[in-house]
Amino acid sequence: MTDPRAEELATRLAETRRRLDAARAAAGRIDEVDLVVVTKFHPVADLVRLARLGVHDVGENRVQEAASKVSALAAADAELSAAIRWNMIGHIQSNKAAAVAGWADRVHSVDSIKVANGLQKGRARAADEREGVTPLPVLLQLSLDGDTSRGGVAPEGLPALADHVAGLDHLVLAGLMVIPPLEGEARAHFADAAEVAATLRRDHPHATEFSAGMSGDLEEAIAAGSTCVRVGTAILGPRPVV
Ligand SMILES: *Cc1c(COP(=O)(O)O)cnc(C)c1O
């Protein structure tokens, strides 16, 4: 039986992995770069296809959509669903944070103490309810242009937020995430963010991850030291309009 969509995803995934390898080689890097495949707006059937193609890391940016896909995939195929690492990459309202901590395996978009506290509370509750719940790795989302409506914490606010998160026993401070501002050059923004990431790592040696780069700018991000790119369109194609 042929599944043209599965073939299309396989081709685009391979092409993206080639881009990643070429970017690592161009930057003289021999360390790995995680690929998070961003499945927002795309159906659970695509998640199943991607999991069968060996994708482990998937990213979702809307709380409601993510939670319903987590349950749908678990119901559709428990084995595939167990192999998936769910990355929450989008804005979280503080009153939704506790629920996110129930299903997420990693959160890239922590930008306030309230969100961190909500995640801590939700993870503590999950650990009470089930066996095997481990502390939740979280990245702090940096805002470089002060336009926090797009999410993120300004550089001045980052150290205090990092110290706070480091003190929460159900969270693990894993690193920094950035979405470059629309204005200006991505390369320069990634370089600025990489400096902030280095400072964070100096103060918190386990916070080694730097989540940066999407379909259009992953080469620039990898050149600046990204350890994790979040790629949607280049693999899944344009997002369906809903
Ligand atoms: C949608 C999204 C991506 C992926 O963007 P593409 O341009 O489709 O690769 C990456 N990061 C975040 C936070 C997103 O919301």
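The ligand sits in the largest pocket. Here a pocket is an open set of points on a 1 Å grid over the protein atoms alone, with protein on both sides within 12 Å along at least five of seven lines, and sitting in one takes more than half of the molecule's atoms within 2 Å of its grid points. Keep in mind that this is a predicted model, where local features need pLDDT of at least 70, side-chain atom pairs count only at pLDDT 80 or more, and totals for chains, interfaces and linings use all residues. Residues are numbered from 1 along each chain as its sequence is written, and side-chain values use heavy atoms, with hydrogens and water left out.

Who surrounds the ligand? Among them are Val-38, Ile-89, Met-214 and Thr-233, where being near means having a heavy atom within 4 Å. By class, this shell has 5 nonpolar, 4 polar and 3 charged residues.

| Residue | Ligand atom | Distance |
|---|---|---|
| Lys-40 | oxygen | 2.7 Å |
| Asn-61 | oxygen | 3.5 Å |
| Arg-230 | nitrogen | 2.9 Å |

On its own, the ligand has 390 Å² of accessible area, and the protein covers 88% of that (Shrake-Rupley method, 1.4 Å probe).

There's also 1 cavity of 30 Å³ or more in the whole structure, a cavity being a set of points where a 1.4 Å probe fits but cannot get out. The largest cavity has a volume of about 60 Å³, counted as the space filled by probe spheres set on the points. Its lining includes Gln-141, Asp-147, Arg-150 and Ile-179; Ile-179 is also one of the residues around the ligand.

How values were computed. Polar contact = N/O pair within 3.5 Å; in protein donor to acceptor, adjacent residues only side chain to side chain. 1 Å grid on protein atoms, 1.4 Å probe; cavity = no way out; pocket = protein on both sides within 12 Å on 5 of 7 lines; lining within 4 Å. Nonpolar A, V, L, I, M, F, W, Y, C, P; charged D, E, K, R; others polar.
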